[in-house]
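I opened the notebook today to look up a few local details. Here is the model I had on screen.

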Amino acid sequence: MTDEFTRLWPEGPVFCASRHFPLSTDSILLADFSRTRAGEKGIDLGCGAGILSLLLLVRQEGLSITGLELVSEAAALAERNLAANGLSDRAEVLVGDIRRVKASFPSGSFDFAVSNPPYFPRGSGAASPDGERAAARSESTCTLEELCLAARYLCRSGGSFFVVHRAERLADLFCTMRANAIEPKRLRLVSHHSGAAPSLALVEGRRDGGSGLTVEPELVLFDADGHESAECRRIYHKT
């Protein structure tokens, strides 16, 4: 673990990353995509070093978030990141297993859930010999089915589930959400540059929601010259 805090943008929050839980573009994009309201309670499933929780809390006053993380070292770092920004009164971080949320929370405890989960199915590709890195990249400790099952249990009826995933697994994600009574309601695809195939999908689902999906304009991160797009600069507070 490092003790170096980096300011994310001028006069913005500070964040300390770790080798296994770096500052993730995926989480930054998901935080920008997620819609929350003052007074809501949320849970960050697999919160890592706490970047998603941190960004959501900084943006929305009156919000409260519980981070749930299996790796105790990452959970401790998330606590430090939240405390360094004076957010401990609106956040807590618990060491726990997404697959066992029923032992820790009543059903429907939260208004929303967010997650930047492992992207690769269990058994796909070569597994990292580093257990923490393997858990962060593949579904070795929590499958997509287990994640959606937890989100369904934790969110109240009508509550939202915000998730980022690889675009190539969008069919898996939508089918698994629907199988767990979470209806996909918003979709935004992310591409590195115009004309490239999307690499990420940002999705909002609603527990017990009716059918009807809004597909938002594609988020393009870089222009033809390799410069950050205007929207990418907005998300990173560079404009």
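**Entry 1: a serine in a loop**

I looked up Ser18 and found that Ser18 counts as buried because its relative accessibility is 15% (buried is under 20% relative accessible area, exposed over 50%, partly exposed in between, with a 1.4 Å probe and protein chains only). This is a predicted model, where local features need pLDDT of at least 70, side-chain atom pairs count only at pLDDT 80 or more, and totals for chains, interfaces and linings use all residues. Residues are numbered from 1 along each chain as its sequence is written, and side-chain values use heavy atoms, with hydrogens and water left out.

Ser18 sits in the loop between strand 2 (14-15) and helix 1 (25-33); helices (H or I, at least four residues) and strands (E, at least two) are DSSP runs, numbered from the N terminus. I also noted that the Ser18 side chain reaches the backbone nitrogen of Phe21 at 3.1 Å.

**Entry 2: helix 6**

Which residues of helix 6 are buried? In helix 6 (residues 170-179), I listed Leu170, Leu173, Phe174, Thr176 and Met177. Their cover includes helix 5 (144-154), strand 7 (155-166), strand 8 (182-193) and strand 9 (200-207). Just after helix 6, I spotted Ala181 with a positive phi of about 60°.

**Entry 3: another loop**

Is Gly195 buried or exposed? Gly195 counts as exposed because its relative accessibility is 78%. I placed Gly195 in the loop between strand 8 and strand 9.

Terms used. Contact = heavy atoms within 4.5 Å. Polar contact = N/O pair within 3.5 Å; in protein donor to acceptor, adjacent residues only side chain to side chain.
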